[in-house]
Every structure is written in structure tokens, then in C-alpha cells.
Amino acid sequence: MTIGIYPGTFDPITRGHADVIARSLHVVQQVVVAVAPNPRKAPLFDLKERVELAKIATRDLPGVVVEPFDGLLVEYVRRRGAQAIIRGLRAVSDFEHEFQMALLNRKLDQTLETMFLMASEEYSYLTSSMVKEVASVGGPLHHFLHPEVAERLKAQIRRTQ
Ligand code: PNS
């Protein structure tokens, strides 16, 4: 079975992420959505919640597994027996950081490929940070998030404000 690992912070998972996951399933048989703790980014949702939200947003996509991962990505990918790391590219501005990360991961493991998929142009502007900003001022979220994820984000914002 071909397995692709789609790693990220997913704070929270957006429709843009789900779009990349759905596209990946045209190329690999299983996509593992690997949720990183990433305390450096001070996520709004804890790791368990981010995994839960990613499961909600992908539950209609067959061939998707969601799980947390810790430590070095390349080691996790190897452990998981996956063939590739999947990352979404939205705009040129993503490229430099993604390029650095892909080359660093390749340095750490020569056998590993990173596969970039272009998000649909509909979501090419979308980031979790921007969605959180919209939510924090009471803006509509249905364009950006699965309805259940949107409700959870609103509740989380209320708790923290
Ligand atoms: O959604 P993000 O925040 O862009 O995801 C970044 C992520 C989780 C893919 C990256 O920080 C990562 O791979 N972290 C695991 C630690 C690691 O292996 N770092 C080296 C590659 S940058």
C-alpha cells in the first residue's frame, strides 16, 4: 500500500487542508494526517483536540488516518513505512519555507521524497491563523472550516477571550 504522510500543526484543520488530503488520495492509497504538538506555535487547541478536529473534517474521506506524532518527522515517516511526505503549496510565499524543509528532510533521509500538491485556488489564501483571526472578531467561518470544526473554534475563542 502506498502511504503519504501529511504533517502539520492543524490549529485547526481548514477546508484547504482537507482539499490537499482529498487530492493526495488520487496519488497514494492512504493519507496519514500527522498532527505535530508544535508548542513553538502556541496552538489554540491542544494536541488531542487538533487530532479530534482533523478526524471530524476528514471522516467522509476513505483512506485517511489521523494521529499525533512527536519528534523528528523523517523518523516518524520511516517508522510508519510511508513513501512520501505531502505538503500543500498555496502561493509563491509558501515556497521558500517549504523548499528549506524538504531539503532538510532529504538531508536527514536521502530515501524520502516530499510531494507538493497545489491547493485549489479557492483556498489559496487560507491559513489557520487567518481563520482564527476572523473567528476572534465573530466573522463567518463556513467558507473556511467544516461546520463542526467552526463550532468548536467559536467555543474555544469564547473560552479564551
Ligand atoms: O502546519 P505547519 O506548522 O506548517 O507544520 C510544520 C511541521 C509540523 C510539518 C514541522 O514543524 C515538522 O515537521 N515538525 C516536526 C519536527 C521536525 O522533524 N522538524 C524538521 C523539519 S522542519
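Colleague: How far is an oxygen atom of the ligand from an N or O atom in the side chain of Thr9?

Modeller: In this model, which is a predicted one, an oxygen atom of the ligand lies 2.6 Å from an N or O atom in the Thr9 side chain.

Colleague: And what about Lys41 and Arg87?

Modeller: For the side chain of Lys41, an N or O atom is 2.5 Å from a ligand oxygen, and for the side chain of Arg87 the corresponding distance to a ligand oxygen is 2.9 Å.

Colleague: How much of the ligand does the protein bury?

Modeller: On its own the ligand exposes 540 Å², and the protein buries 76% of that.

Colleague: Which residues come nearest to the ligand?

Modeller: There are 14 residues around the ligand, and those that come nearest are Thr9, Lys41, Leu73, Arg87 and Met101; by class, this shell has seven nonpolar, five polar and two charged residues.

Colleague: Which element gives the most to that shell?

Modeller: That is α4, with three residues.

Colleague: Switching topic, where does the ligand sit?

Modeller: The ligand sits in the largest pocket, whose volume is about 1000 Å³.

Colleague: What lines the largest pocket?

Modeller: Its lining is made up of 37 residues, and Gly8, Thr9, Lys41, Arg87 and Glu98 lie nearest the centre of the pocket, while the lining by class has 16 nonpolar, 13 polar and eight charged residues.

Colleague: Which elements supply at least two residues of that lining?

Modeller: Those are β1, α1 (15-24), β4 (84-89), α4 and α5 (128-136), and α4 gives the most to the lining, with seven residues.

Notes: Residues numbered from 1 in each chain as written. Predicted model: local features only at pLDDT ≥ 70, side-chain atom pairs only at ≥ 80, totals over all residues. Heavy atoms only, no water. Near = heavy atom within 4 Å. Polar contact = N/O pair within 3.5 Å; in protein donor to acceptor, adjacent residues only side chain to side chain. Areas by Shrake-Rupley, 256 points an atom, 1.4 Å probe, with all protein chains shown as cover. 1 Å grid on protein atoms, 1.4 Å probe; cavity = no way out; pocket = protein on both sides within 12 Å on 5 of 7 lines; lining within 4 Å. Sits in = over half its atoms within 2 Å of the grid points. Helix = DSSP H or I, 4+ residues; strand = E, 2+ residues; numbered from the N terminus. Nonpolar A, V, L, I, M, F, W, Y, C, P; charged D, E, K, R; others polar. Points joined across faces, edges and corners; volume = space filled by probe spheres on them.
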